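Reader: I would like to go through the terms used for this model and see what each one rests on.

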Amino acid sequence: MPQADSATSGPPTPETSVPGLRTESGATGEEAETQGHGGDPYPDVTAAGGLVAALRAEAARRGRDVGLPPWATDTLAVETTRGHLSVDPAPGERLFRLRVHIPDFGWGIGATDALGTLAEAIAAWREGVPYDELGARFGFLDLAGFTGALAAGEPTAAQWAGLLSSAYHRGQRDLLRRLHADGVLRNAFPTMTHRAVRLRVDPMDGASRQVLVHEPDGGRYEFVRVGAPGAGWTEVPGDDLIARLRAALYE
């Protein structure tokens with residue numbers, strides 16, 4: 001299940017430290033001074049005009065790609081094949097809190113006060129560096145809750161359970177039950193798009209192979225392979241539905 005942010009709530013006192021917080025050796029005296037005397041804890045971010053601009057500039061200085069599109073200006077959200085990454089600066093203290101998201105789920109995976117370290121970690125995440133190597137390379141990351149949930153299949157299982165019990169989606173409950181009853185299709189990550197069920201192979205990768213299926217009338221089904229060249233809605237008899245969806249997703 002999603003885990004709470006690994007950063008502690010509330011600002012640290014001089015006698016305590018934030019778990020997972022590591023100061024980069026190149027942190028400036030200005031940063032240390034503002035953190036200690038109630039000034040702006042993010043002078044570099046303020047000077048750059050915001051977190052997106054500051055992170056983009058820091059990544060460029062280091063020759064790293066953090067995946068921020070040119071049009072991104074306000075919200076720091078990075079799409080990767082392992083979920084969306086977001087950064088939330090803590091108020092009143094210098095702490096960049098990193099989270100990973102998939103639809104309806106999010107995990108806090110660490111926090112750091114060093115913008116350069118943050119840029120390096122995001123770039124490495126996008127490059128597909130293995131999780132254990134990421135944890136070893138970046139001491140502020142706390143990936144145990146996140147990787148444990150993935151290993152246990154929790155996001156997919158919990159998502160199915162939530163949709164099957166949802167009063168809002170009761171009109172699609174028979175279809176959801178039919179899909180979930182299949183031992184192969186229940187391994188796909190389900191979401192709802194209007195009144196259609198979306199199944200995708202990889203819960204972390206929004207661009208992984210996926211289908212949309214809906215039941216316009218009782219016992220009559222239509223599906224489409226999302227993103228396939230020339231794909232369109234195809235009507236399929238109920239007896240063939242599961243086999244057609246399996247083929248579209250896994251063959």
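Author: This is a predicted model, in which local features need pLDDT of at least 70 and side-chain atom pairs count only at pLDDT 80 or more, while totals for chains, interfaces and linings use all residues. Residues are numbered from 1 along each chain as its sequence is written, and side-chain values use heavy atoms, with hydrogens and water left out.

Reader: In what order do the 5 strands of the open sheet stand, and is the pairing parallel or antiparallel?

Author: The order is β5-β6-β7-β8-β9, with antiparallel pairing. Strands (E, at least two residues) and helices (H or I, at least four) are DSSP runs, numbered from the N terminus.

Reader: Why is one side of β5 and of β9 left without a neighbour?

Author: β5 (189–193) and β9 (234–237) are at the edges and have a single partner strand each, so one side of each has no neighbour in the sheet.

Reader: What makes β6 and β7 a pair?

Author: Two strands pair if DSSP finds at least two bridges between them. β6 (residues 196–200) and β7 (residues 210–217) have 4 bridges, in the antiparallel sense, so they meet the definition. Val-197 has Val-213 in β7 as its bridge partner.

Reader: Which residues touch the most other members of the largest nonpolar core?

Author: They are Leu-55, Leu-98, Ile-109 and Ile-122, in a core of 41 residues. Such a core is a set of buried (under 20% relative accessible area, 1.4 Å probe, protein chains only) Ala, Val, Leu, Ile, Met, Phe, Trp, Tyr and Cys residues joined through side-chain atoms within 4.5 Å. Helix α4 (115–126) gives the largest share, 7 residues.

How values were computed. Buried < 20%, exposed > 50% of the residue type's maximum accessible area, 1.4 Å probe, protein only.
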